[in-house]
Amino acid sequence: MPESASRTADPRPLAGVRVLDLADEKGELAGRILADLGAEVVRVEAPGGARSRRIPPFAGKHSLYFAIRNTNKLGIVLDLESDAGRVRLLDLASRADVLIESERPGRMAELGLAPEDLSRRFPHLVVLSISDFGQTGPYRDWVATDSTLCAIAGMQWKAGTPDREPLFTPAAMNHDIGGIMGAFAALAALHQRERDGFGQTIDLSVLEAVAQQTDWAFSNASMIEAKGQDSSTVRNGSGPIYKIIRCRTGFVRLVIMSPRQWHAMRDWLGNPDYLQDPKYDSFLGRMEIADALNVMVGDLFSTMDHEEVSREAQKRGIVCTPVLAPGEVLANEHFRSRGTFVPGEFARGQTGPIASGFFELDRRRLGYRFRPPELDEHAERIGETFWREPRSVPTAKRPPPSRPFEGLRVLDFGIGGVGVEAGRLFAEYGADVIKIESRTYPDFIRVVMSTEMSASFASSNRSKRGFGVDIKSEAGRALVEELVKRADVVFENNSTGTMEALGLGYERLRELNPRIVMASSQLLGDHGAWADWIGYGPSTQPIGGLVHLWDYARSTSSKDGEVGDPEPAGAGSIFPDHLAGRLLAIGALAALIRRSRTGRGGHATVAQAEVVANILADQLLKEGVDPGSVVPRGNRSERGAPWGAYRCARGNGEKESRSGGTSEEWIAITIRDDAEWERLRAAMGDPDWASDPIYSTAEGRQAAHDAIDERLSEWTGAQSARALTATLQMFQVPSAPMFTARDQLHDPHFQARGYGRWIDQQGIGWMAFEGPAFRASGMPDVRISQAPLIGEHTREIARELLGLAESEIDELIAEGILEITS
């Protein structure tokens, strides 16, 4: 079929886009996402196969790590060490749209394939380079693993209990986050190419991509530091807000934030007189009786299993979700009703439950279609006539850098941390993003500190304009409808059905503007058995299996909720809110690219719980093919040993927290193979204990992990984490200090990369925003300005976009239809 006919017939948004995917281990999810969205992706492997084919978990001889990240791709082998291999790659690159690589910085240049040279030779090509620390900066040559990135990026320090070691994230979440941001960067560059015809090079840092996902820790820490204050940075499990509670069987996560939720919980407890004090309407008031409340709630829940508790709580309007083990995730009625998992081949003739993808577009799932390739499986197909039609080469002079979303207008109805993060990305890269809210219904993160501005809100709503309007009034809705007619994108993450109840569901928006792209994200999606459940970002962690797996190792016989079994350790993280926001931005961007081809808009959706399930997809597939095999591992890894977090001495710069806690120093050390073990021995001075022959093999080190950990802890306990890391990196041992947000503020690599962006934010004062995860040759620096107050730009938007006269605006303000900054 000719390509033009294929693009017309294929409804997937990236149909006709061609991708060469050289990424190995880190960033492989970028190509998978582009393939899910319809691109034709060719996975290029070296002779002998990709490194990721040898990464656990396994089903027999097949790597499920490789399988999940390489479905929907074709596969060939090219020896890039040879002239013939390079010539073949260059031939394919001349007809491709995107090339993705994840070699160490400088390696592509050594091969004669430097990204900047590829861009000059093929000016239409988008070259995406994904590396652990970026192509520049003091740490660019550090050796890393997913776990060491977890430590330094700030994902680890909030996870676990204060009496034990902090916990790495399970699976390969950190490298996959880099892949997701890589997909966004590539799509942004493709969108920009539609305007000017040119591709560009992109330098994406996994470290910075992951650091952006650590809630609002960076911005809040900067605000505290700017005020000369201090706070505890010691983990506290799930903490008091996102409490884990035992049931008759299993556990639930209970979150009571608003007075309405508290009143519903109080009713369920029998409405006793001693709980009627109005001060208990606030979270801080309830903290005074937290111990007694925990006993009362625990007694109530002890009569039901975890799903019974959750169903009854949700019926009452209380945020509560069950902690599901991997097998329960696969069997869950809601996921089954949505088709979250599909039976699919992960290798020729072998099937299992495969997560079906992050996205739906116009209610059509964009995900798994066919199995990953065998080694060099499509060599014959990818011959001289493959991608026959050449890509047009721009003849004009390359234009100066510009932001990819310039000229786009976005209406942001987001709240909390999902829709607003999608809007933030569009704003930083050039779009005019208008934040829609009112004082009656403000974004709850805005007012979390009982003012109209918080550091968390400022971080996610920077660079936007504020429009205050009573959207529940007929006149207010009419004004918003006029804005819809002039907009390109609408972001929202309200509860299921909220936009429809406001008269602003997708069908209505499409009537107003057939080219509108709406991007929605709900807790459990906008359809399915539990679609009307309410919650916050951390409410998705239990349902998707993350709370169960992000835990210390337990005995093989214990199950969640058994008598004597400890509750899951938990993490004080609101993951996946920020990541879901980035996926929502990808969904919107894919729909915009389709719009440029078809002229029609669309409705992209991302279910937040499915973000968790897809991030854990290889673990859940392993559970499906080998039931009961996927359990919490703490900081241990099937990949190698020793592998863990080791306490260090506090450095000279450490001090006790004024809030009573103490900062801790930990280092992540991860050994993947025998060669790295030998380098670790050398870094330690080759102590006698390390020469035991049992330690010379991976199997022996796994069996003796406890003994090695004890010896390693003695060595690390006498030195600071930063000094140890410097030593270990000289020997090319994968390692990194565990950083809190405040550590990142002062770190030379974060500073050299320009990560912290200091702003004098109205309502707060000086604070630092998180910088970008990538730099691109065709884009200037991101646009960062302070977040708006409610209604700050109401007058100018009403005047410039709605064409209202000042007298009309004044009248609407007097009637309470429009709102302005006090």
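Let me start with helix α22, residues 537-544, which lies across β10 and β11 and runs at about 20° to β11; the angle is taken between N-to-C directions, from 0 to 180 degrees, with axes fitted to C-alpha atoms, for helices over the stretch in contact, and contact means heavy atoms within 4.5 Å. Helices (H or I, at least four residues) and strands (E, at least two) are DSSP runs, numbered from the N terminus.

Please keep in mind that this is a predicted model, in which local features need pLDDT of at least 70 and side-chain atom pairs count only at pLDDT 80 or more, while totals for chains, interfaces and linings use all residues. Residues are numbered from 1 along each chain as its sequence is written, and side-chain values use heavy atoms, with hydrogens and water left out.

Now to the strands: β9, β10 and β11 form, in that order, an open sheet of 3 strands with antiparallel pairing, where two strands pair if DSSP finds at least two bridges between them. The edge strands, each pairing on one side only, are β9 (243-246) and β11 (319-322). Strand β10, residues 251-255, pairs with β11 over 4 bridges, and Val255 stands opposite Val319 in β11.

What about the cysteines? The structure holds 0 disulfides, a disulfide being a pair of cysteine sulfur atoms within 2.5 Å. For Cys247, the nearest cysteine sulfur, that of Cys320, is 6.8 Å away. Cys648 has its closest cysteine sulfur, in Cys150, at 15 Å, which is too far for a bond. Cys247 counts as buried because its relative accessibility is 4%, where buried means under 20% relative accessible area, exposed over 50%, and partly exposed in between (1.4 Å probe, protein chains only).
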